[in-house]
Amino acid sequence: MECIICEKQVNNADKSVVHKPRPQGLISLLSYAEKRQDKAGKRILQQKDGILSGNVKVKFHYNCRKSYTSLQNIVYSGRRKVNFPEVINQRLLVKSFRLILELCASFAIKVEQRKNKI
Ligand SMILES: [Zn+2]
């Protein structure tokens with residue numbers, strides 16, 4: 001058995017290894033693999049169905065997962081093609097929220113003005 005990220009052999013007693021990753025952990029690993037599209041990412045994605053169904057057993061070092069799923073490492077790995085949909089979405093959310101607030105505010109002012117005219 002080898003670490004799915006660094007491909008080094010791991011043994012069953014190795015305490016630095018996640019032997020039974022939780023589904024949530026696997027899904028997050030897959031999503032980072034998709035973002036990165038690097039060598040390890042492609043290897044992981046090739047086995048995606050097997051991993052999700054539990055047919056493919058996955059093990060990885062805690063440290064490998066930590067560095068693999070760190071956004072900072074993606075930024076500093078020098079890849080420019082990586083996008084961060086969730087970051088962008090958050091910004092959009094804040095923007096549209098502000099817009100809604102502004103719209104509400106200007107609407108309230110208009111209503112107020114109309115009331116005053118009557
Ligand atoms: Zn590893």
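The model is a predicted one, so local features are taken only where pLDDT is at least 70 and side-chain atom pairs only at pLDDT 80 or more, while totals for chains, interfaces and linings use all residues. Residue numbers start from 1 along each chain, following the sequence as written.

Six helices and two strands make up the secondary structure of the chain. Helices here are DSSP runs of H or I with at least four residues, strands are runs of E with at least two, and both are numbered from the N terminus. Going along the sequence, the order is β-α-α-α-β-α-α-α. Of the contacts between residues at least 6 apart in sequence, 65% link residues at least 24 apart; a contact means that two C-beta atoms, placed from the backbone, lie within 7 Å.

Of the 118 residues in the chain, 16% are buried. A residue counts as buried with 20 or more other C-beta atoms within 10 Å of its own, as exposed with 12 or fewer, and as partly exposed in between, with C-beta atoms placed from the backbone. In soluble globular proteins, nonpolar side chains tend to be buried together. The largest nonpolar core in this chain holds 17 residues, and Cys 3, Ile 4, Ile 5 and Phe 60 have the most contacts inside it. Such a core is a set of buried Ala, Val, Leu, Ile, Met, Phe, Trp, Tyr and Cys residues joined through C-beta atoms within 7 Å. Two or more residues come from each of β1 (17-18), α1, α2 and α4 (62-68), and α1 gives the most, with four. As for Ile 5, leaving out neighbours within four places in sequence, its contacts are Ala 40, Phe 60, Cys 64, Arg 65 and Tyr 68.

Now for the helix pair. Helix α1 (residues 23-36) packs against helix α2 (residues 39-46) at an angle of about 130°, and their axes are 8 Å apart. The axes are lines fitted to C-alpha atoms over the stretch in contact, and the angles run from 0 to 180 degrees between N-to-C directions. The two helices, α1 and α2, are therefore oblique to each other: under 35 degrees would be roughly parallel, over 145 roughly antiparallel and 65 to 115 roughly perpendicular, with the rest called oblique. On the α1 side, the contact uses Leu 29, Leu 30, Ala 33, Glu 34 and Arg 36, and α2 brings Gly 41, Ile 44 and Leu 45.

Glu 7, in the segment before β1, has a positive phi of about 65° without being a glycine. Glu 7 is exposed, with 12 other C-beta atoms within 10 Å. Gln 37, also not a glycine, has a positive phi of about 55° and sits in the loop between α1 and α2. With 13 other C-beta atoms within 10 Å, Gln 37 is partly exposed.

Pro 21 belongs to the loop between β1 and α1, and it is partly exposed, having 19 other C-beta atoms within 10 Å. Not counting residues up to four places away in sequence, Pro 21 touches Leu 26 and Val 58. Pro 21 and Val 58 are 37 residues apart in sequence but 7.2 Å apart in space, C-alpha to C-alpha.
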